[in-house]
Amino acid sequence: MAETKADCVIQVCGACQLPAHEGTDRSPTDGERVLALCRDLVEKADLGDRVAVRSYTCMGGCKRRCRVNFAAGDKWTWLVGDIDPQKDGPFLLDTLLTWIEAEQGFIPKPDRSKALLAKGLGRVPPLDL
């Protein structure tokens, strides 16, 4: 299936295992489960033409496993971790929609959900080339 040009991307660490599953041969990995969740959320929200979902072998930050980044060239990139594929679908969708609508992707602190405050690992300013 050919990928269309999207406005932004959800980047998922596909190799991650949550600490409870570390050292097991669990397949699919928790990261692969998060990847499937993100793809499902994008499809159900009818955002497939605007949002691509991509998997990466390892994105680091292994103390806060199952990382997801929301990125676009002209927006702030948000990094979140400790994503549980069984519980965090509503959080991911809420954060994605808030980020898409936020000017340059910057979500002011009063507008950040409690979950984003807890799971947020950082943000990176847009590249100004």
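**Salt bridges across the chain**

Modeller: D88 and K119 join their side chains in a salt bridge, 3.1 Å from N to O (a side-chain nitrogen of Lys or Arg within 4 Å of a carboxyl oxygen of Asp or Glu). The two partners come from distant parts of the chain, 31 residues apart, with D88 in the loop between β4 and α2 and K119 in helix α3 (helices, H or I of at least four residues, and strands, E of at least two, are DSSP runs numbered from the N terminus). This is a predicted model, in which local features need pLDDT of at least 70 and side-chain atom pairs 80 or more, while totals for chains, interfaces and linings use all residues. Residues are numbered from 1 along each chain as its sequence is written, and side-chain values use heavy atoms, without hydrogens or water.

D88 is buried at 8% relative accessibility, and K119 is buried as well, at 15% (buried is under 20%, exposed over 50%, partly exposed in between, with a 1.4 Å probe and protein chains only).

The structure holds 4 salt bridges, and another of them joins D82 to R64 at 2.4 Å, N to O. This pair also links distant parts, 18 residues apart, since D82 sits in the loop between β4 and α2 and R64 in the loop between β2 and β3. Here D82 is partly exposed at 30%, and R64 is partly exposed at 26%.

D7 pairs with R50, their closest N and O atoms lying 3.6 Å apart. Because D7 belongs to the segment before β1 and R50 to the loop between α1 and β2, this pair ties together parts 43 residues apart in sequence. D7 is exposed, with a relative accessible area of 53%, whereas R50 is partly exposed, at 32%.
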